[in-house]
Amino acid sequence: MSWGTELWDQFDNLEKHTQWGIDVLEKYIKFVKERTEIEISYAKQLRNLSKKYQPKKNSKEEEEYKYTSCKAFLATLNEMNDYAGQHEVISENMTSQITAELARFVQELKQERKSHFHDGRKAQQYIETFWKQLEASKRRFERDCKEADRAQQYFEKMDADINVTKADVEKARQQAQIRHQMAEDSKAEYSSILQKFNHDQREHYHTHIPNIFQKIQEMEERRIVRIGECMKTYAEVDRQVIPIIGKCLDGITKAAESIDQKNDSLLVIEAFKSGFEPPGDIDFEDFTQPMKRTVSESSLSNSRWDGKSEPKPGSKSKGKLWPFIKKNKGGGPEDFSNLPPEQRRKKLQQKVDELNKEIQKEMDQRDALTKMKDVYIKNPQMGDAASVDHKLAELGQNMEKLRLEAQKFEGWLAEVEGRLPVRTEQSRRQSGMYDTQNTSGLNNCAQDRESPDGSYTEEPSQESEMKVPVTEFDDEFDDEEPLPTIGTCKALYTFEGQNEGTISVMEGEMLYVIEEDKGDGWTRIRRNEDEEGYVPTSYVEVYLDKNAKGAMTYI
């Protein structure tokens, strides 16, 4: 079925219909555009939601994500972020593949429609003009025929009248002949125009108009096909992201299946375990007997000191069960002695690991500078080797400070773990030389500790048992005879001995060696009878006496 043959007389209706088709396209474009805006808004809201519930860095909330349930929730948030990204992809693809392409097609369609209807309107105007010309020729032929008929009647009347002169009759006859000729000419013209009009009219309704209407029909059918293709693309854009969205949902499911309630329970134990044993039974105190009140050794009262010292009045150590005592707020001591043994061990281990990482970082920098110095020595034009010495010395000092700090915390960690039942000379050098806070903290930690829910009193532990050997050893060390000199040394760098057991030296200073390095990185030296202590071995150049194999340099 063709519009050119079936709708030859529906020019105006076809013009309205094709305009309606373009309006439908523009309406669909608007629909897709609003859908893309919804997808963008939805993706933005999903991203904001995911970001809102992400754990804040360096906060207590971040520490909670060690539990498998919290890890699963974090994985869900990440998957939702990826899920939001797929909705952004939907918006982008619909904009590029549908909205932009369809808008360009509509503009082309409008231009084509305008051209076709312009040609149709031009053909319509031509046939209408020709029709008017035919009508004018027809009217002129009719008028000339009437005039010729009247002239003939007048001639016949004059010819029948005997009173009319012959000249007048001749004149009437000539006038009738002229009118008759004019009627014949008008007839011939009318006939010619009519034939031409019929020919053009057939061409108009059977050739020109059908061709134009056929082009309009093809244009309209392309519009219909195009909107169908866009609807398929609309569905395909959604279908393309379904596998990725499925992976996001699979990730959420996998995260949920990874939740391990037993593991989370163990993490709770690790986080809050104090390391104490539950209190034992309290002995019955018989007040009817005239005897001194006693308390069971297994109780949590002040008798844990086994009679070695009486509790002072007003002491914080009271015979109460620590889980029911309020928590003591405020900053704790450096050695974490306010924490229960297990929690203290974890904190100390964490601190030791951090210091070791810093030491390794300083060592890497020192190695890099050493290599740079070697390059400068071999190629002086590349730089001055002496310019690196100051930085190397500074790194050396930083490393020694970090080592001192690490040894201090390692000493406390060893005491907590029970690795130091008796303190030796080496242990005294490594942990006894630090601030006096260490000693006071160890002496007080058994009297006033803090439980997970508050302050508490502690049962006799390895730390309190170790206090007596430490004090006795210190007294014996103070009373022993001075060690003999075994060599001399020269200070390579200035060292500020700020910790207990160390001694300050100036660069270039000559001193006596009374104890060489035993593998812990410290050398014991003496300036005079009253001044002696330890310095980092890498800060001095040691010259042993003749009993040694020769001069040795520690770097």
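Gly-120 lies in helix H4 of this predicted model. With a relative accessibility of 0%, Gly-120 is classed as buried, because the cut-off for burial is under 20%. Beyond its neighbours within four places in sequence, Gly-120 is in contact with Phe-11, Ile-209 and Ile-212. Pro-210 stands 90 residues from Gly-120 in sequence. In space, the C-alpha atoms of Gly-120 and Pro-210 are 9.6 Å apart.

Helix H4 spans residues 68-160 and packs with helix H2, residues 11-52. The angle between them is about 165°, and their axes are 8 Å apart. H2 is therefore roughly antiparallel to H4, since the angle is over 145 degrees. The crossing of H2 past H4 is left-handed. Sorted by class, the residues in the contact of H2 with H4 are 24 nonpolar, 12 polar and 10 charged.

The largest nonpolar core contains 32 residues. Leu-25, Tyr-28, Met-94, Ile-98, Phe-213 and Ile-216 have the most contacts inside this core. Two or more residues come from each of H2, H4 and helix H5 (166-257). Ile-216 is in contact with Trp-3, Thr-18, His-116 and Phe-117, leaving aside neighbours within four places in sequence. Another core lies apart from the largest one and has 16 residues. Among them are Phe-495, Tyr-534, Val-542 and Leu-544.

Trp-3, a contact of Ile-216, is placed in helix H1, residues 3-6. Its relative accessibility is 18%, so Trp-3 counts as buried under the 20% cut-off. Setting aside neighbours within four places in sequence, Trp-3 is in contact with Trp-8, Leu-14, His-17, Phe-213, Ile-216, Gln-217 and Glu-220. Gln-217 is 214 residues from Trp-3 along the chain. The C-alpha atoms of Trp-3 and Gln-217 are separated by 6.6 Å.

Helix H5 also holds Arg-223. Arg-223 has a relative accessible area of 5% and is therefore buried, as this value is under 20%. Not counting residues up to four places away in sequence, Arg-223 touches Trp-20, Gly-21, Ile-22, Val-24, Leu-25, Phe-105 and Leu-109.

Glu-61 is partly exposed, with a relative accessible area of 30%. That class applies because 30% falls between the 20% and 50% cut-offs. Apart from neighbours within four places in sequence, Glu-61 is in contact with Tyr-53, Gln-54, Pro-55 and Lys-56.

Helix H7 (residues 341-378) packs with helix H8 (residues 386-417). Their angle is about 160°, with the axes 8 Å apart. H7 and H8 are therefore roughly antiparallel to each other, the angle being over 145 degrees. H7 and H8 make a left-handed crossing. The contact of H7 with H8 comprises 18 nonpolar, five polar and 13 charged residues.

The chain as a whole can be summarised in a few values. Its secondary structure comes to 11 helices and eight strands. The chain has 555 residues, of which 34% count as buried. Among contacts between residues at least 6 apart in sequence, 71% join residues at least 24 apart.

Note on methods:
Residues are numbered from 1 along each chain as its sequence is written. This is a predicted model: local features need pLDDT of at least 70, side-chain atom pairs count only at pLDDT 80 or more; totals for chains, interfaces and linings use all residues. Side-chain values use heavy atoms; hydrogens and water are left out. Axes are lines fitted to C-alpha atoms, for helices over the stretch in contact, and angles run from 0 to 180 degrees between N-to-C directions. Helices (H or I, at least four residues) and strands (E, at least two) are DSSP runs, numbered from the N terminus. Angles under 35 degrees count as roughly parallel, over 145 as roughly antiparallel, 65 to 115 as roughly perpendicular and the rest as oblique. A crossing is left-handed if the near helix is turned anticlockwise from the far one by less than a right angle, and right-handed if clockwise. Ala, Val, Leu, Ile, Met, Phe, Trp, Tyr, Cys and Pro count as nonpolar, Asp, Glu, Lys and Arg as charged, and the others, Gly among them, as polar. Buried means under 20% relative accessible area, exposed over 50%, partly exposed in between (1.4 Å probe, protein chains only). Contact means heavy atoms within 4.5 Å. A nonpolar core is a set of buried Ala, Val, Leu, Ile, Met, Phe, Trp, Tyr and Cys residues joined through side-chain atoms within 4.5 Å.
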